[in-house]
Amino acid sequence: MMKKNKILKKAGILIVVAIALCIFPFVASTYLVDVAFFFGIYALLGLSLNIVLGEVGLFDLGHAAFYAVGAYTTAILNTRLGIPIFVLLPVSGLTAAGFAWLVCSPVIHLRGDYLCIVTIGLGEIVRIALLNDPGGLTGGPNGVFGIDRPTLGGPLVIDTSIGFYFLIWIVVGLSIFGLVRLQNSRIGRAWNCIREDEVAAEATGINVRSLKLLCFILGAGLAGLAGNIYASKMMCVSPESFTFMDSCMYFCIVLLGGMGSIPGAVIGAAAIGLFPEIFRSLAKYRMLFFGAAMVAMMYFRPAGLWPRKRGGSGVK
Amino acid sequence: MKIRKRLLIVTLVVSMLLILLSFSSVMAAKKTVTIGLQGPITGPWAYEGEMAEHSCRIAAKLINDKGGILGGRMIELVVADDAGTPKDGVLAAQRLVAQGVNGAVATYGSSICRPSSDIYEKGKMINIGYGVTFVGLTQRGLKYFFRTCGRDDAQGIFFAKYATEVLGKKRIAIMHDNTTFAKGVAEETKKALQEKIKAGKAEIVYYDAITAGEKDYTPSLTKLRDAKPDVWYFTGYYPEGGLLIRQARDLGIDCPFIGSNAVINEDFIKIAGLDVAKGCLMTQEPMPETLPFSESKEFLKAYREKYGTIPTSPWPVYGADALNVIAYAIDKTGSTDSDTLANFLRYELKKSPMPGVTGPVSFTEQGDRVGVPYQMYVVNEKGKIVLYKPGK
């Protein structure tokens, strides 16, 4: 009886949140809708890094690389070949995932800090490669511009802030749905097992190597989707959106929210995406307050803002 | 636990108050003419952003002291920080559009300008760049985008002519840092030199990029030394410029150093040290203190009275002129309608340019400034940046 009540309560909260999210863009100013859009981008990136960092505990400080691959895939294919953005949405995800498979396969056996250093290098290699304009494709420091608005080729075009807002939050919503299911699946449990003790996991028959690769591929794929939406929103991409600092920000999102916690990743994204905007009226002290707020949050909630509850999978 | 919860609540309440505060300013600004400034108030170019804000405040104050525009309406400046990143640039632009300012001065940095000018274009709002020299910006057919500063090619052409004809140098080294601006200038310089190369009067012996933000440039500089250039043109920014010249002199590279207009300023001299910075040259739009116009003298006097100094880089005064020209257009047309203003700036202003701080201001049909002069400057023995007179 108690359990049923709890589920009803949860469903109720979800419905209220969903309705609020739907009404919000129609009452708020375009500026706030755009802030909410970038919050959505951060949420998607946070969720994608949460798979790697939160679920499996692999330190990935080069996540912006996968985001960049997604964004540039969209930018190049759209401006060169005129392929519609919506068609490129899965393509960007798959390209980023394929790229992750390619570059992570040889280094996936590295542990802890060593993997972390490799991912930092990876992030920098991708950024500098984009800067060097390989084959005249990436436009060097100028980036690629003239990217279309999202369309399937028909009359349906997303070109308002509200449209983009719904696009990103629908993608975030679907990702959350999928990730919650994944968390409670055999794969999710195996991932958590690897995070807690890799040797024990291997001893119980879990294929550690392929599961680790899988988390990178999935995480990169989601980041690639975010890159696609970002590219068509900005209508141009340039390497300075994919710096080491950005990778650090995504890392912060996961740590702030709570490792392995899906609502945590969204809340962490809110902190990273919204705080600099809230403190905008403080002008040049904006970043000072942003930093102070982050320090305060980590002090008061060291395990994250919404830590993952243990025992969700029936194990007490 | 209780105290922590309370603290959390207090933090939340304070942040909510801040949000409210930031929106209340929108409400108050209806009777005045509001002009937005989008600039890097924080971030790596905060130095430029602050001076731009000061310049715009002074420009607005001068107009207001003379009784405002449209028969007594005051100008109010609304500042939006873009932190020098494209993403924040979009949000800052969106914020200014949402606030319904009558025009925007935006922004410093070409790669930030590009996405934000799209936002202004969609919001049908006049936006005038003041530190955006990438040629392509005005080649996109935008209706509401203008710029008061010059373009990269102007600087490159000036350097090519000056280095070969006035200085008589043949072996030329060009170095950039892969940012939109620096690479733009470098490429335009290379293009401008082609003619001289064909005539056998010049030779590019080094053309490469360094990575901005590093501390040790010895590997690149060793390569530069081996190329034995007669003159070395660096088109990046001052933090790298200062380190480069310091390390180059230590390595024994003693050819003249010429920086583009973002390389040499007071901070460059501080980083490099006066002993090394002395004698470094720079291709530059006229610096504020050498501007000969009566408007510039009045502006700089007011600036000095308020802030005790004058802008140490050429860009902020272009920001002031961007604000001036928006106000001028509103006053002349008697309208705040963006289409009327855009037509005025594009077609009417040419007939009688506005006397601005940086000289007469008018625009081509693409939105570029008409006639931006360039000059060669030098760091003198006292660490001041003064006009360079060749042959000395």
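**Figure 1. The five-stranded sheet of chain B.** In this predicted model, chain B holds an open sheet of five strands with parallel pairing, in the order β2-β1-β3-β4-β5. At its edges lie β2 (75-81) and β5 (145-147) of chain B, each of which pairs on one side only. From one strand to the next, the twist averages 25°. For a look at one pairing, find strand β3 (residues 104-106) and strand β4 (residues 127-129) of chain B, which pair in the parallel sense over two bridges. Here Ala104(B) stands opposite Asn127(B) in β4(B). Helix α12 (residues 315-333) of chain B lies across β1 (33-39), β2, β3 and β4 of chain B, and runs at about 155° to β3(B).

**Figure 2. The seven-stranded sheet of chain B.** This open sheet has mixed pairing, and its seven strands follow the order β7-β6-β8-β9-β10-β13-β14 in chain B. The edge strands, each pairing on one side only, are β7 (203-209) and β14 (385-387) of chain B. Direction ignored, neighbouring strands of this sheet are turned by 25° against each other on average. Two helices of chain B pack on the sheet. Helix α6 (residues 180-198) of chain B touches β6 (171-176), β7 and β8 (231-234) of chain B, and its direction makes about 160° with that of β6(B). Helix α8 (residues 238-251) of chain B touches β6, β8 and β9 of chain B, with its direction at about 155° to that of β8(B).

**Figure 3. A closer look at β9 and β10 of chain B.** Strand β9 (residues 257-259) and strand β10 (residues 281-284) of chain B pair in the parallel sense over two bridges.

**Figure 4. Two residues of helix α1 in chain A.** Ile19(A) has its place in helix α1 (residues 2-27) of chain A, and Pro25(A) is found in helix α1 of chain A too. Ile19(A) is partly exposed, with a relative accessible area of 48%. Together with Ile15(A), Ile23(A) and Val27(A), Ile19(A) forms a nonpolar patch on the surface, with about 400 Å² of accessible area together. Pro25(A), by contrast, counts as buried because its relative accessibility is 3%, under the 20% cut-off. Leaving aside its neighbours within four places in sequence, Pro25(A) is in contact with Val33(A), Ile162(A), Tyr165(A) and Phe166(A).

**Figure 5. A salt bridge between two helices of chain B.** Lys196(B) and Glu165(B) form a salt bridge, their closest N and O atoms being 2.4 Å apart. The pair links distant parts of the chain: Lys196(B) is in helix α6 and Glu165(B) in helix α5 (residues 152-166) of chain B, 31 residues apart. Lys196(B) counts as buried at 15% relative accessibility, whereas Glu165(B) counts as partly exposed at 47%.

Figure 6. In chain B, the side chains of Glu348(B) and Lys351(B) meet in a salt bridge at 3.4 Å, N to O. Glu348(B) is partly exposed, with a relative accessible area of 38%, while Lys351(B) counts as exposed at 64%. Back in chain A, a network of salt bridges links Arg111(A), Glu198(A) and Lys212(A).

Methods: Residues are numbered from 1 along each chain as its sequence is written. Chains are lettered from A and ligands numbered from 1 in the order in which they are written. This is a predicted model: local features need pLDDT of at least 70, side-chain atom pairs count only at pLDDT 80 or more; totals for chains, interfaces and linings use all residues. Side-chain values use heavy atoms; hydrogens and water are left out. Two strands pair if DSSP finds at least two bridges between them. Helices (H or I, at least four residues) and strands (E, at least two) are DSSP runs, numbered from the N terminus. Axes are lines fitted to C-alpha atoms, for helices over the stretch in contact, and angles run from 0 to 180 degrees between N-to-C directions. Contact means heavy atoms within 4.5 Å. Patches are made of residues with over 30% relative accessible area and no salt bridge: like charges are joined within 9 Å, nonpolar side chains (Val, Leu, Ile, Met, Phe, Trp, Tyr) within 5 Å. Accessible areas come from the Shrake-Rupley method with a 1.4 Å probe; for residues, only the protein chains shown count as cover. A salt bridge is a side-chain nitrogen of Lys or Arg within 4 Å of a carboxyl oxygen of Asp or Glu. Buried means under 20% relative accessible area, exposed over 50%, partly exposed in between (1.4 Å probe, protein chains only).
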